[in-house]
Amino acid sequence: MSVQLNEARSVGNISIAKHAVTMLMGKWLIVGLFIDGFAHNHGAVETFFTPWHAILYSGYLACAIWIYLITYQNKARTRQATWAAAVPTGYGLGAAGVIIFFIGGLGDMLWHTIFGIEKNIEALLSPTHLILLTGALMILTSPYRAMSYTEKEASPSFRRLLPALTSVALTFAVMAFFLMYAWSFRQNLWMAREQDAVAKAVVDFLVTTMVLVLPVMLVLRRWKLPFGTVTYFFVFEAVLMAVLDGFTHYGSIVILLISGIVGDVLFSWMKERDPGSWQFRGVFFLLPVLIWGLYFADLRMFHTLDWTPELWGGTMFICGLSSMGLSILTTPLRTGKNQ
């Protein structure tokens with residue numbers, strides 16, 4: 001029984017290089033998604049058959065062919081393996097995601113042909129677009145699931161862990177894309193003076209904070225953070241989200257680059273400590289305070305900030321506090337330890 005189990009695992013496992021190829025195909029797909037988002041935001045979409053859709057769907061086709069290829073290679077290694085058993089470890093949902101994305105793509109073409117092209121938030125919440133989102137998430141998370149199972153080293157290097165980190169970064173980038181209306185760096189905060197507008201802006205700060213810090217917490221549950229992880233996550237999201245507006249909000253890249261470097265330095269000093277220590281929780285409190293502190297400073301220097309200190313200071317604090325609370329909840333439990 002154990003021999004058969006080990007054989008099945010060896011069939012299912014694939015190399016880190018192959019995970020990297022999966023993520024290269026995933027980047028292709030997601031770049032197409034964000035270019036399509038730019039086109040939607042600037043009124044350039046009038047039909048389903050567009051150059052940006054060509055990038056998006058060719059990226060999907062590359063992912064589909066690659067997942068089929070590595071599954072076929074696994075099947076060829078043993079005559080006993082069925083197609084289902086030959087799917088690489090962690091790629092089961094990805095293979096299903098290929099099918100779901102295909103269904104969503106056909107549905108999207110029919111939807112646009114019959115009902116036309118949606119605009120604004122309607123485009124993000126379109127039924128066929130949500131099906132595409134589901135399929136994309138299932139595909140993009142495959143390398144992270146696979147490496148969570150196969151990577152036994154507690155403190156792998158950044159280079160070794162890069163496919164898993166990219167898997168997480170792409171996943172949260174897609175989530176940020178579908179929450180683009182809540183991405184704080186895209187808002188004209190100096191125009192938010194009415195009470196309802198201020199309340200929405202505070203909620204957007206909280207949503208953006210969660211999208212930024214949760215990837216870091218997720219990796220910490222499994223591995224010690226390689227230096228550069230925080231910067232990679234922050235800049236990855238900042239660059240892609242800046243595409244949506246033609247890089248007119250490039251300041252977010254600078255802010256998140258600085259914050260990411262500071263985060264990496266702080267986490268590197270605590271690398272040998274337990275993730276449940278108060279130092280880790282303190283860093284997760286400080287990161288949002290730093291990000292939004294730089295953001296409000298930028299507004300004060302280069303734009304107009306009509307918010308009172310209670311508003312901008314309280315926003316920074318509640319974002320930091322929410323981040324710290326999430327870090328407590330996501331800390332891996334250690335038996336016998338009082339955390």
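Good morning. The structure is a predicted model, in which local features need pLDDT of at least 70, side-chain atom pairs count only at pLDDT 80 or more, and totals for chains, interfaces and linings use all residues. Residues are numbered from 1 along each chain as its sequence is written, and side-chain values use heavy atoms, with hydrogens and water left out.

I begin with the spaces. Pockets and cavities are found on a 1 Å grid over the protein atoms alone: a cavity is a set of points where a 1.4 Å probe fits but cannot get out, whereas a pocket is an open set with protein on both sides within 12 Å along at least five of seven lines. Lining residues have an atom within 4 Å of a point. Grid points are joined across faces, edges and corners, and a volume is the space filled by probe spheres set on the points. Helices (H or I, at least four residues) are DSSP runs, numbered from the N terminus.

The largest pocket has a volume of about 420 Å³. Its lining comprises 26 residues, and those nearest its centre are Gly37, Ala123, Leu124, Phe177 and Met180. Which helix gives the most to this lining of the largest pocket? Helix 2 does, with 6 residues. At least two lining residues each come from helix 2, helix 3, helix 5, helix 6 (121-124), helix 7 and helix 9.

The largest cavity has a volume of about 70 Å³. Residues that line the largest cavity include Met217, Leu220, Phe280, Arg281, Phe284 and Thr330. Helix 10, helix 13 (278-302) and helix 14 (309-330) are the elements giving two or more residues to that lining, and helix 13 gives the most, with 3 residues.

Next, helix 8, which spans residues 142-150. Buried here means under 20% relative accessible area, exposed means over 50%, and partly exposed lies in between (1.4 Å probe, protein chains only). In helix 8, Ser142, Pro143, Tyr144, Ala146 and Met147 are buried. These buried residues pack against helix 2 (16-41), helix 5 (92-115), helix 7 (127-140), helix 9 (158-178) and helix 10 (195-220). Contact in this account means heavy atoms within 4.5 Å.

I now come to the charged pairs. Side chains of opposite charge can pair when their charged atoms come close. A salt bridge is counted when a side-chain nitrogen of Lys or Arg is within 4 Å of a carboxyl oxygen of Asp or Glu, and by this rule the count comes to 3 salt bridges.

One joins the side chains of Glu151 and Arg160, at 2.6 Å from N to O. Glu151 counts as buried because its relative accessibility is 4%, while Arg160 is partly exposed at 39%.

Another salt bridge joins Asp245 and Arg186, at 2.7 Å from N to O. This pair links distant parts of the chain, 59 residues apart: Asp245 is in the loop between helix 11 (229-243) and helix 12, and Arg186 is in the loop between helix 9 and helix 10. Are Asp245 and Arg186 buried or exposed? Both are buried.

There is also a salt bridge between Lys200 and Asp204, whose closest N and O atoms are 2.6 Å apart. Both residues lie in helix 10, 4 residues apart, which is about one turn of the helix. Lys200 is partly exposed, at 41% relative accessible area, whereas Asp204 counts as buried because its value is 5%.

At the surface, Tyr68, Leu69, Tyr72 and Trp83 form a nonpolar patch with about 430 Å² of accessible area together. Patches are made of residues with over 30% relative accessible area and no salt bridge; like charges are joined within 9 Å, and nonpolar side chains (Val, Leu, Ile, Met, Phe, Trp, Tyr) within 5 Å. Accessible areas come from the Shrake-Rupley method with a 1.4 Å probe, and for residues only the protein chains shown count as cover. Helix 3 (residues 51-77) supplies the largest share of the patch, 3 residues.

Finally, two single residues. Most residues other than glycine have a negative phi. Phe247, although not a glycine, has a positive phi of about 65°. Phe247 is found in the loop between helix 11 and helix 12. Ser252, in helix 12 (residues 251-269), counts as buried because its relative accessibility is 5%. Beyond its neighbours within four places in sequence, Ser252 is in contact with Phe185 and Ala238.

Thank you.
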